[in-house]
Amino acid sequence: LVQSGLSSALLLMGIVLLYGVAGNPALVGAVDDPFAFDQLRSFIALNADNAYVLGGAMLVLAGLLFKVAAVPFQIWVADVYQGAPTAVTAFLGVASKAAGFVLLINVLAVPFAPLKSVTLPLLSVLAVATMLFGNFAALGQRNVKRLMGMSGIAHAGYMLMGVCAAVAGVAWAPTAVYFYLFAYLLASFTLFAVMSIVSGEDDSLQDISDYAGLLKRDNFLGGVLVVALGSLAGIPPMAGFVAKLLLFIAAVKAGLYTVLGAALLGVVISIYYYFGWMRTAVFESASPGADDEEAEGGPAPLPQLCFWMRTTLTTLAILTVGMGFWQGFLTL
């Protein structure tokens with residue numbers, strides 16, 4: 001709560017600072033409506049070296065980067081993901097990122113475009129730090145909600161790479177980021193839905209071992225879990241593979257080779273913990289007596305899924321696989 005208030009304060013202070021300097025007639029190109037993106041862009045272009053302009057822009061970016069959980073504004077993620085109910089965590093993990101990245105791209109594309117010489121290297125460094133921190137932090141997680149939180153930080157880093165490509169001038173990079181967001185949405189909602197079904201009374205205590213033998217216990221849930229994890233890991237033919245590939249191509253077009261190298265390393269690391277979860281669900285046995293739900297020490301029986309839950313999960317899984325084969329709706 002305190003960190004959220006701090007992020008809002010940073011964003012508002014940045015906006016107020018830009019408003020104040022843009023309304024100062026002593027500065028070149030002072031505008032009557034500093035909140036209009038086009039006018040603000042013209043003003044910033046004429047005063048790009050002004051310390052107040054740079055300070056206001058950096059504060060606005062800090063507020064937005066907190067929203068997408070980029071380093072160094074990511075420390076809230078693990079505790080919030082674990083403490084919130086799974087349904088709230090799913091919404092927060094996807095909707096917050098989507099809103100943050102859409103706004104971040106729009107702000108960087110218009111009003112902050114004249115600050116490219118500052119924003120591009122800064123965001124490139126943050127993208128590398130975000131990808132590496134998220135993936136390395138996820139390696140040691142056993143609680144699946146915290147694992148999703150840390151891996152979500154890594155995914156934010158991949159999307160920041162796409163934002164950097166957009167700032168560098170790759171025209172279709174925003175489309176690649178939006179496609180990644182949609183693929184991430186499908187896989188995350190699928191996975192969180194499975195988590196809400198498998199969880200016990202306290203869903204904050206879910207451990208990877210709780211998913212041991214899930215495919216054997218429930219073929220449908222196990223299969224859906226594998227599809228979602230495969231997409232998040234970027235394994236073909238899932239949508240996550242194509243989404244990552246588009247961002248990698250955008251990084252190459254923009255010449256962001258260092259950022260791309262960090263992204264490739266991050267993908268390799270992520271395969272370890274995603275496949276570890278997948279291996280537990282597919283190959284490991286739950287515990288002695290797992291075949292008999294009433295046996296002492298066996299896993300709790302899974303709830304029976306209603307028609308609409310099965311239909312929803314099936315639709316999400318089909319879309320996740322289908323978008324890996326067909327991306328004809330993209331205009332790159």
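These legends go with close-up views of a predicted model.

**View 1. Helix α3 and its ends.** Welcome to α3, which runs over residues 51-67 and counts 17 residues. From its first C-alpha to its last the helix reaches 25 Å, close to the 24 Å expected at 1.5 Å a residue. After the helix comes A69, where phi is positive, near 65 degrees.

View 2. The buried residues of α3 include V53, V60, L64 and F66, along with the glycines G56 and G63. Among the elements covering the buried residues of α3 are α1 (2-22), α2 (37-46), α5 (86-109), α6 (116-139) and α7 (144-168).

**View 3. The largest nonpolar core.** This core holds 107 residues, and F112 and W277 have the most contacts inside it. Helix α8 (residues 173-198) gives the most to the core, with 17 residues. Beyond its neighbours within four places in sequence, W277 is in contact with several residues, including V144, L147, M148, L191 and M195.

**View 4. An aromatic pair, Y211 and W277.** Five aromatic pairs turn up in a search of the whole structure. In this one the ring centres of Y211 and W277 are 5.4 Å apart and the planes lie at 75 degrees, so the pair is edge-to-face. Y211 sits in the loop between α8 and α9 (214-217) and W277 in helix α12 (residues 257-282), 66 residues apart. Y211 is buried, at 0% relative accessible area, and W277 is buried at 0% too.

**View 5. A charge over a ring.** Here R310 lies over the face of F220, 4.8 Å from the ring centre.

Key
Residues are numbered from 1 along each chain as its sequence is written. This is a predicted model: local features need pLDDT of at least 70, side-chain atom pairs count only at pLDDT 80 or more; totals for chains, interfaces and linings use all residues. Side-chain values use heavy atoms; hydrogens and water are left out. Helices (H or I, at least four residues) and strands (E, at least two) are DSSP runs, numbered from the N terminus. The expected span of a helix is 1.5 Å times one less than its number of residues. Buried means under 20% relative accessible area, exposed over 50%, partly exposed in between (1.4 Å probe, protein chains only). Contact means heavy atoms within 4.5 Å. A nonpolar core is a set of buried Ala, Val, Leu, Ile, Met, Phe, Trp, Tyr and Cys residues joined through side-chain atoms within 4.5 Å. Rings of Phe, Tyr and Trp (its six-membered ring) pair if their centres lie within 6.5 Å; planes under 30 degrees apart count as stacked, over 60 as edge-to-face and the rest as tilted. A charge sits over a ring if NZ of Lys or CZ of Arg is within 6 Å of the ring centre and within 35 degrees of the ring normal.
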